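This report describes the fold of a single chain, beginning with the terms needed to read its strand pairing.

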Amino acid sequence: RSVKVVDLEEPLISVDNDFVEVFECKKNSKNNLEYTAIDNYDGVLTDKVKVEKNKEEYILSVSDSSGNFSTKSIPVKYVEDPSKVIKLKGKDLVYIQIGKTYKDEGYELYNGCGKKTTGEVKVDNKVDTKKTGTYKVIYSVYKGDEKLSSKSRTVIVYDPKSIEVVD
């Protein structure tokens with residue numbers, strides 16, 4: 001008996017900010033572009049994302065092993081004082097078995113030029129390990145009511161009893 005898996009779903013490119021900030025750090029041009037790419041069959045494809053830039057936008061594109069293609073455009077905003085950047089400790093994608101305890105690995109905060117800094121980060125964590133599903137843990141830095149920067153971690157709660165093993 002043979003089983004053929006057909007993947008028709010395109011990869012998902014996730015960007016946590018509505019625009020890319022471009023700024024100067026010691027006379028070097030920098031930006032705060034951070035993204036992930038996850039596919040239902042191939043898993044994490046972030047390292048396969050191609051990035052193109054013009055003056056108005058960054059264009060991200062990726063293909064999975066089945067030839068499904070995805071693209072995302074993010075507008076550019078030129079700024080003098082860059083937003084703080086959130087870096088996740090641990091993985092961007094976490095699998096946890098239903099009924100187990102999820103402990104978030106946390107984050108570190110950096111200024112736009114890459115130096116570790118401090119500041120208040122709001123964490124929105126609605127992971128419910130009593131129910132299967134895909135959840136997002138969202139970390140955000142605000143200035144007043146304005147969201148300056150955010151980063152997310154995807155948590156998938158699964159039931160091992162519902163996984164079918166095919167030989």
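## Terms and model

Two strands are taken to pair if DSSP finds at least two bridges between them. Strands are DSSP runs of E spanning at least two residues, numbered from the N terminus. The model discussed here is predicted.

## Overall composition

The chain contains 14 strands and zero helices.

The C-alpha atoms occupy a box of roughly 60 × 35 × 25 Å along the principal axes. Of contacts between residues at least 6 apart in sequence, 52% link residues at least 24 apart.

Five strands form an open sheet with mixed pairing, in the order 3-2-8-7-6. Its edges are strand 3 (28-31) and strand 6 (50-53); each has a single partner strand, so one side of each lacks a neighbour in the sheet. On average, neighbouring strands of this sheet are turned by 30° against each other, direction ignored.

Lys53 stands opposite Tyr58 in strand 7. In general, strands of a sheet pair through backbone hydrogen bonds, in either a parallel or an antiparallel manner.

## Burial, surface and charge

The chain has 167 residues, of which 35% count as buried. It exposes about 11,300 Å², with carbon and sulfur atoms supplying 48% of that area.

The chain carries 29 positive and 29 negative charges, whose mean positions lie 5 Å apart.

Note on methods. Residues numbered from 1 in each chain as written. Predicted model: local features only at pLDDT ≥ 70, side-chain atom pairs only at ≥ 80, totals over all residues. Heavy atoms only, no water. Helix = DSSP H or I, 4+ residues; strand = E, 2+ residues; numbered from the N terminus. Axes fitted to C-alpha atoms, helices over the stretch in contact; angles between N-to-C directions. Buried < 20%, exposed > 50% of the residue type's maximum accessible area, 1.4 Å probe, protein only. Contact = heavy atoms within 4.5 Å. Areas by Shrake-Rupley, 256 points an atom, 1.4 Å probe, with all protein chains shown as cover. Lys, Arg positive; Asp, Glu negative; His and termini not counted. Charge placed at Lys NZ, Arg CZ, Asp CG, Glu CD.
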